[in-house]
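These are my notes from going through the model. I took the elements one at a time and wrote down what I looked up.

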Amino acid sequence: MNILVPVRKVPDTTAKIAFTPDGKSFDANGVQFVMNPTDEWYALVRAVELKESLGGTITLINIGGADNDQIIRKGLAIGGDDAVRIEGDDRDAHFCAKAISAYAKANAFDLIITGKEAIDDNGFQLAAMIAEFMDWPFISQATRLDVEGDVCHLSREIEGGHEDVEVSKPLVVSASKGMAEQRIPNMRGIMMARSKPLNVIQAEDSSVSSEVAKYALPPEKGDVKLIDADNIDELITLLKNEAKAI
Amino acid sequence: MNVLVYLDSADGRVKKPVYEAISYAKRLTQSSGGQVHGLVLGASDEADLKSLGKYGLDVAHHVDDARFSSFDSRAYTMAIGKFVEANPCTHVVFAFNHRGKALAPRVAARLDLTYVPGAMALPAEDGTVVRGVNSGKAFAHVKANKSGMVLAVTGNATELLNEEVEASISAFDAGLSDGDFAIKVVKVEKMGGGIILTEADRVVSAGRGLKGPENWAMIEELAGTLKAATACSRPVSDVGWRPHREHVGQTGTTVRPNLYFAIGISGAIQHLAGVNQSRTIVVINTDPEAPFFKAADYGIVGDAFDVVPKLNAALKAHFAA
Ligand SMILES: Cc1cc2nc3c(=O)[nH]c(=O)nc-3n(C[C@H](O)[C@H](O)[C@H](O)COP(=O)(O)OP(=O)(O)OC[C@H]3O[C@@H](n4cnc5c(N)ncnc54)[C@H](O)[C@@H]3O)c2cc1C
């Protein structure tokens, strides 16, 4: 079974978010970048587990510049067999999905698995768009994925619960918590990753569907009002009259 | 300019977050005088559909086809595509809930429209739409390069309209074949009765400060009094004290309720990222230096085991009055 895993580079979860003075781009000064957690912990690790039990290959795909290679190598250390990096800006999901699906169409994959959302974009959009460009079924926010012959058994999140579904390959899956446990790459994996193929290609279609006119930071929060533990009624009054929350 | 709203439904009734999507769509049409169309796929209830006129829906189109009872984003996208072919709309609006997240980007890709996930407000005068990025730590003002947009709107993006009109009803045949449906739902598991976290107006969330799963009764009682959903920090769900679906934060669910109680949660940056857009935040923590106090509107420095029962009693008295 051949699996394609799109992985994204994102600012580390503790990064201080800042933008260039014109508000048009992210200020990467002093920021550590990591692989998007849901791509790494859930999508990639589950792909590795499936490969371990069923055989096949795992290809990582990423969009960006050469500065992304470190993250891609980490994915190879966790268990990817080879990787493709598409030169380009990963901010427009439509562009990314077009480029990734163009690659997927030219190669034979049974599954495309990625994280449910990127922690910098928060759009929940890439996997769904890839599915549409592939014209494949899509299971979003899946917490389980088992494969039995041609049939995939999945659980997906729904409001206030989950449902179990069945669908035949090929398909696109976006992975949520529960699908797998984080794996720390071992020394052998890291050594092997160095010699695994990482091909760089160009996107055929560079058009974007949206642009960010400007980024902004939220207004500073005012000081907290502290209430004495023996004076709960004051909190009730504030919640009622000031916050109008109860 | 006509606008289409996808009327997400469960058990034949349109879901609550869709009401706001309808009012949002109505306001989108206000300068052009276009109509708001709604499309419901699968079982629906006529009285329920008519009542959506209140929020601004002009026409509810229903597709009575039992095959839509299993959610399949591919088949749903085909149906929405067929509808827009027959009834041109410049914009398509979704609620930013589970199905909206799975479906809206697909529809945008199919119709070649610009997609704005998590729209937080109506388009500004320059046409840009604001949405949250970097897990609530920033906003992006998005400019569309396509002729129209697909917008998935978050809670509190606009006020609900309240008009005394009924939507008119119309049947639509999406004309799909059996081969267009690929996903089979074999089992549905829903928690009984509780309030759904992603739809909740109020959330009571607790962390490792609670010491163990056996101490959650007081959290559930407080949530019951407040008609709130329960949530938790990541380590609490990692060790299995609470189910994964309650995990909020950067790597869990993002919530934006009107009122968020954080009890025995330190306020790590990854936790704050998923909750800091809540309108009012109340923190209860024994440690006056806990970082959560910096993100809070109101705080009580105290022991949860002492404060929560007292708070519950005071709220009970308040709601009874
Ligand atoms: C990549 C990454 C992603 C992450 N994503 C998330 C995420 O999505 N969500 C998330 O929550 N975390 C996330 N974390 C973990 C996060 O960094 C914190 O470790 C976690 O939020 C801490 O949980 P906590 O506040 O429950 O526990 P602790 O940090 O242990 O805090 C417990 C708090 O309870 C207080 N306390 C103790 N006893 C009492 C009492 N009797 N009454 C009142 N207060 C009491 C303590 O003073 C303390 O402040 C992530 C971490 C990483 C590295």
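I count a residue as buried when its relative accessible area is under 20%. The model is predicted, and I read every entry below with that in mind.

**Helix α8 of chain B**

I began with α8(B) and listed its buried residues: Ala304(B), Val307(B), Val308(B), Leu311(B), Asn312(B), Ala314(B), Leu315(B) and His318(B). An α-helix has 3.6 residues a turn, so residues three or four places apart point the same way.

Next I looked for what covers these residues. The cover includes α6 (232–242) of chain A. From chain B it includes α5 (217–226), β15 (259–263), β16 (280–285) and β17 (298–301).

I checked the length of α8(B), residues 304–320. At 1.5 Å a residue its 17 residues should span 24 Å, and the end C-alpha atoms are 23 Å apart, so the two agree.

I then asked which residue caps the N-terminal end of α8(B). The cap is Asp303(B), with a side-chain oxygen 2.9 Å from the backbone nitrogen of Phe305(B).

**The sheet with strands from both chains**

I traced an open sheet of six strands, paired in parallel, in the order β13(A)-β17(B)-β16(B)-β15(B)-β13(B)-β14(B). Its edge strands are β13 (225–226) of chain A and β14 (229–232) of chain B, each of which pairs on one side only. I also noted that α6(A) packs on this sheet, where it touches β13 of chain A and β15, β16 and β17 of chain B. The direction of α6(A) makes about 170° with that of β17(B).

Within the sheet I looked up two pairings. β15(B) and β16(B) run parallel and are joined by five bridges; Phe261(B) stands opposite Val282(B) of β16(B). β13 (residues 202–206) of chain B pairs with β14(B) over four bridges, again in the parallel sense, and Val203(B) has Ala229(B) as its bridge partner.

**Strand β10 of chain B**

I moved on to β10(B), residues 149–153, and found five of its five residues buried. Met149(B), Leu151(B) and Val153(B) point one way, while Val150(B) and Ala152(B) point the other way.

I found two parallel partners for β10(B). β6 (residues 91–95) of chain B pairs with β10(B) over five bridges, and His91(B) stands opposite Met149(B). β7 (residues 114–119) of chain B is joined to β10(B) by four bridges, with Ala119(B) and Val153(B) as bridge partners.

**Contact between the chains**

I looked up the interface totals. 85 residues of chain B are in contact with 77 residues of chain A. The area buried between the two chains is about 6,900 Å², and carbon and sulfur atoms give 55% of that area. In chain B, the residues that lose the most area to chain A are His98(B), Arg106(B) and Tyr298(B), together 10% of what that side buries.

**Lys26 of chain B**

My last entry is Lys26(B), which lies in helix α1 (residues 16–29) of chain B. Its relative accessibility is 15%, so I count Lys26(B) as buried. Leaving out residues up to four places away in sequence, Lys26(B) touches Val36(B), Tyr55(B), Gly56(B), Asp58(B) and Leu161(B). I also noted the C-alpha separation of Lys26(B) and His37(B): 9.5 Å, at 11 residues apart along the chain.

Notes
Residues numbered from 1 in each chain as written. Chains lettered and ligands numbered in written order. Predicted model: local features only at pLDDT ≥ 70, side-chain atom pairs only at ≥ 80, totals over all residues. Heavy atoms only, no water. Expected span 1.5 Å × (residues − 1). Buried < 20%, exposed > 50% of the residue type's maximum accessible area, 1.4 Å probe, protein only. Contact = heavy atoms within 4.5 Å. Polar contact = N/O pair within 3.5 Å; in protein donor to acceptor, adjacent residues only side chain to side chain. Pairing = 2+ DSSP bridges. Axes fitted to C-alpha atoms, helices over the stretch in contact; angles between N-to-C directions. Buried area = accessible area lost by both parts, 1.4 Å probe.
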